[in-house]
Amino acid sequence: MTDPEDLAERVREGDLRIHELEEHADYDTAAHARRLLVERETGTELEAIGDYAFPAEEADPNIENMIGAAQVPMGVVGPVPVAGGAADGEHYLPLATTEGALLASVNRGLGVIRSAGGADARVTKNGMTRAPVFRVAGVAEAAETVEWVEDEFETLRAAAESTTSHGELLDIEPYVVGDSVYLRFAYDTKDAMGMNMATIATGEACELVESETPASLVALSGNLCSDKKPAAINAVEGRGRSVTADALIPGELVEDRLHTTADAIAEANTRKNLIGSAKAGSLGFNAHAANVVGAAFLATGQDEAQVVEAANTITTMDAREREDGTTDLYASVSLASLEVGTVGGGTKLPTQAEALDILGLRGGGDPPGSNADALAEIIAVGALAGELSLLGALSSRHLASAHEDLGR
Ligand SMILES: CC(C)(COP(=O)([O-])OP(=O)([O-])OC[C@H]1O[C@@H](n2cnc3c(N)ncnc32)[C@H](O)[C@@H]1OP(=O)([O-])[O-])[C@@H](O)C(=O)NCCC(=O)NCCSC(=O)C[C@@](C)(O)CC(=O)[O-]
Ligand SMILES: NC(=O)C1=CN([C@@H]2O[C@H](COP(=O)(O)OP(=O)(O)OC[C@H]3O[C@@H](n4cnc5c(N)ncnc54)[C@H](OP(=O)(O)O)[C@@H]3O)[C@@H](O)[C@H]2O)C=CC1
């Protein structure tokens, strides 16, 4: 067996490069050698990082230069009944975070939703996008390019779909800015989040655009996609799954469990999430949807950088008067761009796959796409619960004390 000490020494002497170790040893030994190297060079001990619970080789598609694993605590909240287009029945939601009080809060919100009979949720739009940018001489060539793309949509679809057995090209939306042409390709990527799939398929279609039009490809991603950046286009047009969840909470429950009133929560939502966010120039008209999305992403193997897209959530809270004069609370969240998958990316890693098992959503769905739709709907209900609980805590002035008690 190759000795990790020897490998570390050879890297230090410049005989081997740090990313070549898997060519000379099994994956766990390679990771061990890197830890030894880093420990010596930085005067540290990496015992906890090295104490991971899966074969390093299984993470090969997910990480380079592996030294171990970052272990984030994981808990569950719920169960909560979800009546979705794809999700159905009671679900526990696994969440991984380091923020004390977060799971308590979402758990409280889900408890309130459960007592109210559950939440409805629907994916209202689905399309993973990739938008390459092309150079043209000027507006005449831009118009010629756009016209060709519109006329030859079927040809481009055939080219794009030749690279995947699951993906379907839904749309190509052109945008022209001076001598730049952007083509925003949108795909149904079924149960995959789809960024690799969409990028590979779009690359194939771009070759055709270049060969048949005056346009020259500058970059396969031209930022109108828009991936991993806050962007109004995602908030308006959607990206990945656009999903809405809502629930009607009886006034008594708001009082008993959230220690406030429907009117107070509705006012807090308007002044904080709507007016406050508008004044701040925010794209996010919510309290902390990213908290639930981020924790669900870490637990289930999603691409954590895409939490930024989910932060554009809009939360609405309205007091609805009943005939008997009491007031219920209508609560909703709409996430315009929730990018999730149950196959591909980090979803195959052992802990993440087990977390998907908790939801009954590991792997491809029947029909394809239904598992990712269900995951989006359940995460949206989790976000709704987080909004209800936090707005309740703010309205009853419990936020600071909750974090004193649970978060420090
Ligand atoms: C902390 C609570 C829930 C207490 O709230 P409470 O009503 O005093 O708690 P309770 O002891 O009466 O329990 C009520 C329910 O809460 C849950 N619960 C209660 N404790 C636990 C626990 N230890 N573990 C798991 N679940 C717990 C549980 O569901 C329980 O029901 P039960 O099961 O007992 O029938 C409440 O005050 C709260 O939700 N506060 C808000 C905290 C919060 O949302 N923090 C996260 C976000 S803060 C942030 O990062 C974003 C921010 C604020 O900066 C964004 C912005 O600008 O708005
Ligand atoms: N390339 C890029 O620009 C970017 C990549 N990423 C990374 O991309 C990864 C995610 O890409 P993604 O394309 O989702 O995953 P993968 O690249 O892991 O590909 C998933 C593949 O699974 C196959 N598949 C099997 N069953 C199904 C099913 N039921 N539904 C859909 N596909 C199925 C498909 O193969 P087939 O196509 O042959 O049918 C699909 O292409 C993440 O690791 C992320 O971090 C993130 C941002 C940008």
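**Ground rules**

I count residues from 1 along each chain as its sequence is written, with chains lettered from A and ligands numbered from 1 in the order in which they are written. Since the model is predicted, local features need pLDDT of at least 70, side-chain atom pairs count only at pLDDT 80 or more, and totals for chains, interfaces and linings use all residues; side-chain values use heavy atoms, leaving out hydrogens and water.

**Entry: domains**

I started with how the protein is divided, taking bounds that come from an automatic or database domain assignment. I noted domain 1 (12–59), domain 2 (74–126 + 241–406) and domain 3 (132–219). Then I looked up the spacing of domain 2 and domain 3: their C-alpha centres lie 35 Å apart. Their contact (heavy atoms within 4.5 Å) takes 17 residues from domain 2 and seven residues from domain 3.

**Entry: ligand 2**

Which residues are closest to ligand 2? I found Arg130, Thr164, His166, Gly194 and Asp303, out of 21 that surround it. Being near here means that a heavy atom of the residue lies within 4 Å of the molecule.

Next I listed polar contacts, meaning pairs of N or O atoms within 3.5 Å; within protein, one atom must be able to donate a hydrogen and the other to accept it, and residues adjacent in sequence count only if both atoms are side-chain atoms. The side chain of Arg130 has an N or O atom 2.7 Å from an oxygen atom of ligand 2. Ser165 also puts a polar side-chain atom 2.7 Å from a ligand 2 oxygen, and for Thr199 I read 3.3 Å. Ligand 2 has 930 Å² of accessible area on its own, and the protein covers 70% of it. That area comes from the Shrake-Rupley method with a 1.4 Å probe; for residues, only the protein chains shown count as cover.

I checked where the shell comes from. Helix H6 (residues 195–212) gives the largest share, four residues. Helices (H or I, at least four residues) and strands (E, at least two) are DSSP runs, numbered from the N terminus. Domain 2 and domain 3 each supply at least three residues to the shell around ligand 2. By class I got five nonpolar, ten polar and six charged. For classes, Ala, Val, Leu, Ile, Met, Phe, Trp, Tyr, Cys and Pro are nonpolar, Asp, Glu, Lys and Arg are charged, and the others, Gly among them, are polar.

**Entry: ligand 1**

Ligand 1 has 18 residues around it, and Glu99, Ser105, His259, Lys272 and Ser389 come nearest. I went through its polar contacts too. Ser389 has a side-chain N or O atom 2.7 Å from an oxygen atom of ligand 1, while the figure is 2.8 Å for a polar side-chain atom of Glu99 and 3.0 Å for one of Arg108. Alone, ligand 1 exposes 1,100 Å², and the protein buries 59% of that. Helix H3 (102–115), H13 and helix H14 (399–406) are the elements giving two or more residues to this shell. I sorted the shell into seven nonpolar, seven polar and four charged residues.

His259, one of the residues nearest ligand 1, lies in the loop between H8 and H9. This residue is not a glycine, yet its phi is positive, about 60°.

Is the next one I checked, Thr260, buried or exposed? Thr260 counts as buried because its relative accessibility is 8%, whereas His259 at 44% is partly exposed. The cut-offs are under 20% relative accessible area for buried, over 50% for exposed and partly exposed in between (1.4 Å probe, protein chains only). Thr260 sits in the loop between helix H8 (251–258) and helix H9 (262–280). Skipping neighbours within four places in sequence, I found Thr260 in contact with Val254, Glu255, Ile265, Gly392, Ser395 and Ser396.

Lys190 has a positive phi of about 55° without being a glycine. I located Lys190 in the loop between strand S6 (180–188) and H6, and at 13% relative accessibility it counts as buried.

I also noted cis peptide bonds. One joins Cys225 and Ser226, with omega about -5°; Ser226 is in the loop between strand S7 (216–219) and helix H7 (232–237). Another joins Asp366 and Pro367, with omega about 5°. Pro367 falls in the loop between helix H12 (350–359) and helix H13 (370–395).
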